[in-house]
Amino acid sequence: MKSDLSSIRTNYTKSSLDVSDTGDDPIVFFQKWFQEAVLSEVLEVNAMTLATATKDGKPNARTVLLKGITDGAFVFFTNYESKKGKELDENPKACLVFFWPELERQVRIEGGVTKIPRRESEEYFHSRPIESQVGAHSSPQSSEIPDRSYLEERFRKLRTEFKDAEIDVPPYWGGYAVKPERIEFWQGRASRLHDRIVFEIKENSGAAVWRKFRVAP
Ligand SMILES: Cc1cc2nc3c(=O)[nH]c(=O)nc-3n(C[C@H](O)[C@H](O)[C@H](O)COP(=O)(O)O)c2cc1C
């Protein structure tokens with residue numbers, strides 16, 4: 001097992017990335033890479049690892065889905081009372097990571113996190129399938145539950161109760177926006193000499209501007 005694992009490696013040769021390829025706006029460049037990932041039929045293309053930490057710095061990470069980019073911030077939806085919700089309450093900073101193996105690319109985003117306006121959470125909630133809306137009401141995300149039937153019972157009961165009425169957004173459910181302060185684009189290259197181009201927010205006479213540079217792999 002050990003030797004099998006240690007011999008697994010890929011030599012990345014699909015593409016390259018230079019500072020001059022990325023333009024001046026990392027959000028525009030992210031959208032370009034995202035479209036290329038869609039066209040390449042990357043599986044779960046909008047899935048991203050969301051890393052958070054408690055106020056004492058105890059880290060945690062899990063996958064969530066990117067549901068939009070609004071005013072330059074990356075939006076996902078979740079339960080505000082979940083483990084991640086509690087961590088973001090006490091330490092509103094996060095890191096997001098996309099890995100698109102089909103393109104040998106990774107994007108890493110660091111930034112501050114805020115809850116999105118309630119109206120926008122409501123709009124998105126009501127665009128979801130009814131089953132997902134009932135699911136949000138049924139699941140006390142990240143809390144211990146006795147068994148699976150507890151969840152299924154709650155779902156069945158609420159599905160009947162709601163019938164065809166419009167389902168309210170649970171008060172504990174909504175979106176978060178991660179506003180990037182640093183974005184790194186990684187393109188795998190041969191011999192581990194990967195390309196890494198970083199954008200970082202810099203204050204310039206009171207205005208926030210992006211500075212971009214290459215870092216070593
Ligand atoms: C592909 C994928 C997509 C997911 N998308 C979401 C999502 O958008 N929102 C969410 O709350 N959980 C999502 N989850 C579940 C989370 O990874 C996690 O189990 C859940 O949010 C509880 O995390 P927490 O206990 O750290 O709060 C997804 C999981 C996978 C594997």
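**The ligand and its surroundings**

Me: Which residue has an N or O atom in its side chain 2.6 Å from an oxygen atom of the ligand, and how much of the ligand does the protein cover?

Reply: An N or O atom in the side chain of Ser-142 is 2.6 Å from an oxygen atom of the ligand, a polar contact being a pair of N or O atoms within 3.5 Å. On its own the ligand has 620 Å² of accessible area (Shrake-Rupley method, 1.4 Å probe). The residue asked for is Ser-142, and the share that the protein covers is 64%.

Me: What should I know about the model and its numbering?

Reply: This is a predicted model, in which local features need pLDDT of at least 70 and side-chain atom pairs count only at pLDDT 80 or more, while totals for chains, interfaces and linings use all residues. Side-chain values use heavy atoms, with hydrogens and water left out, and residues are numbered along each chain as its sequence is written, from 1.

Me: Which element gives the largest share of the shell around the ligand?

Reply: The residues that surround the ligand, each with a heavy atom within 4 Å of it, include Arg-62, Thr-63 and Lys-84. By class, this shell has 3 nonpolar, 5 polar and 3 charged residues. The largest share, 4 residues, comes from E2.

Me: Is Ser-138 buried or exposed?

Reply: The side chain of Ser-138 reaches the backbone oxygen of Val-134 at 2.6 Å. Because its relative accessible area is 2%, and buried means under 20%, Ser-138 is buried.

Note on methods
Buried means under 20% relative accessible area, exposed over 50%, partly exposed in between (1.4 Å probe, protein chains only). A polar contact is a pair of N or O atoms within 3.5 Å; within protein, one must be able to donate a hydrogen and the other to accept it, and residues adjacent in sequence count only if both atoms are side-chain atoms. Helices (H or I, at least four residues) and strands (E, at least two) are DSSP runs, numbered from the N terminus. Ala, Val, Leu, Ile, Met, Phe, Trp, Tyr, Cys and Pro count as nonpolar, Asp, Glu, Lys and Arg as charged, and the others, Gly among them, as polar.
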